[in-house]
Amino acid sequence: MFSASLYIIVCSFRNRARVRLQRLRQPRYFVGAIAGAAYLYFSFFARFRASRSSVARRSGRPPRVPASMAAPLAVAPALGGLALLMAAAGSWLFPMDSSLLEFSEAEQQFLFPAPVSRRQLLVYRILRSQLGMLFGSAMIGVFSPQGIGVSRLRISSAAWIILVTARIYFTGVTLARARLGASRGRTRHVAWLPVSALALALALVAGAVGDQWRHAPPADPLAGLILIGRAADSPPVSLVLMPFKALVKPLFAEWPGAYLVAIAWALVVLAAVATWVLLSDEAFQEAVSDAAERRTQQPVRSGEPIYKVRSTGWVLPPTGRPETAFAWKAAMQTLRMVDKRSLLRGVIILACLTIVAALMGRANGLASLLGAFSMAGTMFSVLLAPQIVRMDLRQDLQHLELLKTWPVKASAVVRGELVWPSLIITAGAWTMLAVATFLAGTMMENVDLGLRLGGSAALAILTPAIILSQLTIHNAAALIFPAWVPLGNQRPRGLDAMGQRLIMLGATWLLLALSLLPGAIIGAIIWFALQSFIGPAALVPAAFACTAIVAMEVLLATEALGPAYERLDVLAVERAE
Amino acid sequence: MALSVEHFGRTYATAAGSFTAVADLSFTVSSGEIVGLIGPNGAGKTTTLRSLAGILRPTSGRLCIDGFDLTEHPLEAKHRLAFMPDEPHLFEYLTVMEHLRLVARLYGVTDVADRAAALIEELQLAGKEQALPGELSRGMRQKVVIACGLVRNATTLLFDEPLTGLDPIGIRRMRNTIVARAKAGAAILLSSHLLHLVEEVCSRVIIMDRGQKVADGTFAELASRADLATAGSNLEQIFLRVTGHDAHQ
């Protein structure tokens, strides 16, 4: 089975690379590959080369550590070990199961009926997950702030051991969790052993830290960290944390002797965890069968949302505009994906937090934090949400064969697809803006009240225009360049696909700026004309004017896109990889 | 007995409680026999086949392949088994030939090149050896899955709707393939909604409805039962009568 596992991995990798290279013959992927490569180069590698030009690195010496960081760095392995202990304990409470126990349909179809033992299946899954973990650890090394090439390789190696151990450990947790309530006493007791050990370890650590804290309360957060680290380094806590510190030590060990010894001990911990998991192969069969059973009952591909049929209170009338029918369709999707009660609870909690934060006064950090978060949420909703929320033609073009049979005017189809997503994104943005406006006094004390209110009102008026404009651009791209736009939850992978998305993002923002320009010019003229008479309130009529112009542009665009929709060939639509 | 099912039951846990897909099912299939497993949608046929293939665990009962209990001796049982499912799920980045080589490796088949060549010819997959699943039609993918099942000398073959997506030539060839394998000594359990095919190739028929076996016997035996058939009934009429969908009842 080991050779069969390697066969699947090597052949899949080779063929995937071949397919990706072959598709570079298509101009859009070729251009995308260039864009993706350029992005990576200028974002990461060019910066690394610039940072490597410093004298200290050229001389091969490690960068100097500031004196203030010496003490925290000395206890960093202990702190890291403590963090791993808490993660190890916390993982028992995660509601998810390990991904190593999830097999694809093909794997279920070929490997489950095959004469392959459970242990071999587990080893296969561990092997199969290595590519992703190697990539992840390589990225950690690449983004590491210190050192030159070789030290990054050391960091990557150390990170790989941590990632693999964590992955395998979480699989063991999933298997053991399934047996915590087993009827057989021995099975149950064995399953509870790691839980008990972790609870004891946490209690010891908490006791030691608490003792030290009481004797010498720290003056600042950094001192607090150092105190915790020193407590974690003292016996008997250091003994309890030994396996966790062993995993973290290679990240901080000096080359060569200390590093090699640290790596050896980390590998011992990895081997121990792997042994524990591989000995749990009896529970593996049940856990994997449970996962297969869930997949049988809910045959949903990974990443696709799960819909629950619930009464939404909106019954589509038998007559009316076709745009309303499309909006209703999208609304049903949203309301069956999102629980209304949970949403209402979230809004009530947000409202309560806002009121409490405002009542606590300006000096209170909660108000500033919430206000800043709300402002960021508003800007995210306005500028990025239309890219992410794809409940329009970017989803429905998957059903183009069906849409084309409907007796609906093409421009009405386009308009109808825009209605619901623009409504919900605008509602989200307005909610965040309302909170930010309410708390603006704490964040922007130096800004005049009139300007704050005028600015918020203007932004509220402009929000639907900006959102609708972006959605129109995205849907236009889907109609005019269908092969460039992934549909539904499809996410083509690879450097070329990333480059395509970057090009689309850049083009979208450029077109957005161009579409807002006429409205912005008219709005600016109105503001200049009125601001000397009515002050900051002039922002409101200016925003109205801009919004009206953008609305006209959107209306004209949807009419102009009608022929594009009519001409669209089902074969031109991008299919999933 | 090549295939033996004893008091097999399978229950699924659902949000609303539990759901029994199959209850107390027992039957056998001998070497060289082709047994048809038919029933309405949701009768439990696929659950039975997937449990026999080792994909689902039985909630109760015993499943044996050539005397090896699937739960107690899974490796020995699975060595003798080939499952050809209704939905062909292939590894998206393995070619047709690589799928065959993979299966050969899993089952210890040493002469995969010769066997693969013969199967590719038999199942009309010539020219598709280096194709990825994404380049194949549904029918072609179905043939690849069947080829993977037949590339080794399994003594028990499980077919779940093997003709879905095949063209008429493919259907005829598949039928001949199934009959040939039975003549070579394999025990075959075939689930299909194509009752004329079942009537043609199967020596015995098991009818399931709502998770239970409601009839088991050769076509002649079923046709001779007054409660199941009138004179001159074909399998479709027997099926409709047994499952309570006969308009004349």
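## Helix H6 of chain B

Start with H6(B), where B:Met174, B:Ile178, B:Arg181 and B:Ala182 are buried. This is a predicted model, so read every value here as computed. Looking down the axis of H6(B), you'd find its buried residues within an arc of 100°, so they line one face of the helix. On the face turned away from the buried side sit the exposed residues of H6(B), namely B:Pro168, B:Ile169, B:Arg172, B:Asn176, B:Ala180 and B:Lys183.

What covers the buried residues? For H6(B), the cover includes strands S3 (34-38), S7 (156-160) and S8 (187-191), plus helix H7 (195-201), of chain B. The helix itself runs over residues 168-183, and its 16 residues reach 23 Å from first C-alpha to last, close to the 22 Å expected at 1.5 Å a residue. After H6(B) comes B:Gly185, with a positive phi near 110°.

## Two domains in chain B

Chain B splits into domain 1 (1-80 + 156-249) and domain 2 (87-153). The C-alpha centres of these two domains of chain B are 25 Å apart. Each side puts residues into the contact: 10 from domain 1 of chain B and 10 from domain 2 of chain B.

H6(B) turns up again here, giving three residues, the largest share of the side of domain 1 of chain B that touches domain 2 of chain B. By class, that side of domain 1 has three nonpolar, five polar and two charged residues.

Chain A has 26 helices and zero strands. Of its 577 residues, 32% are buried. Among contacts in chain A with a separation of 6 or more, 80% are between residues 24 or more positions apart.

Where the chains meet, the contact takes 23 residues from chain A and 26 residues from chain B. On the chain A side, helices H1 (2-23), H6 (105-111) and H15 (281-297) are the elements that give two or more residues. H1(A) gives the most, with eight residues. The residues on this side of chain A divide into 12 nonpolar, eight polar and three charged.

## Nonpolar cores

The largest nonpolar core has 131 residues, and B:Ala147, B:Leu158 and B:Ile188 have the most contacts inside it. Helix H9 (residues 149-177) of chain A gives the most to this core, with 13 residues. Another core, of 56 residues, lies apart from it and includes A:Ala327, A:Ala357, A:Trp420 and A:Leu539.

Which residues does B:Ala147 touch, leaving aside neighbours within four places in sequence? They are B:Leu100, B:Leu119, B:Ile120, B:Leu123 and B:Leu125.

Most residues other than glycine have a negative phi, and most peptide bonds are trans. In chain A, the bond from A:Pro235 to A:Pro236 is cis, with omega near -5°, and A:Pro236 is in the loop between helices H11 (221-233) and H12 (237-240) of chain A. A:Trp255 and A:Pro256 are also joined by a cis bond, with omega about 0°; A:Pro256 lies in the loop between helices H13 (242-248) and H14 (257-278) of chain A.

B:Gln124 counts as partly exposed because it has 16 C-beta neighbours inside 10 Å. B:Arg210, also not a glycine, has a positive phi of about 50° and lies in the loop between strands S9 (204-209) and S10 (212-217) of chain B.

Note on methods:
Residues numbered from 1 in each chain as written. Chains lettered and ligands numbered in written order. Predicted model: local features only at pLDDT ≥ 70, side-chain atom pairs only at ≥ 80, totals over all residues. Contact = placed C-beta atoms within 7 Å. Helix = DSSP H or I, 4+ residues; strand = E, 2+ residues; numbered from the N terminus. Nonpolar A, V, L, I, M, F, W, Y, C, P; charged D, E, K, R; others polar. Buried ≥ 20, exposed ≤ 12 C-beta atoms within 10 Å, placed from the backbone. Core = buried A, V, L, I, M, F, W, Y, C linked by C-beta atoms within 7 Å. Expected span 1.5 Å × (residues − 1). Arc of directions from axis to C-beta. Domains from an automatic or database assignment.
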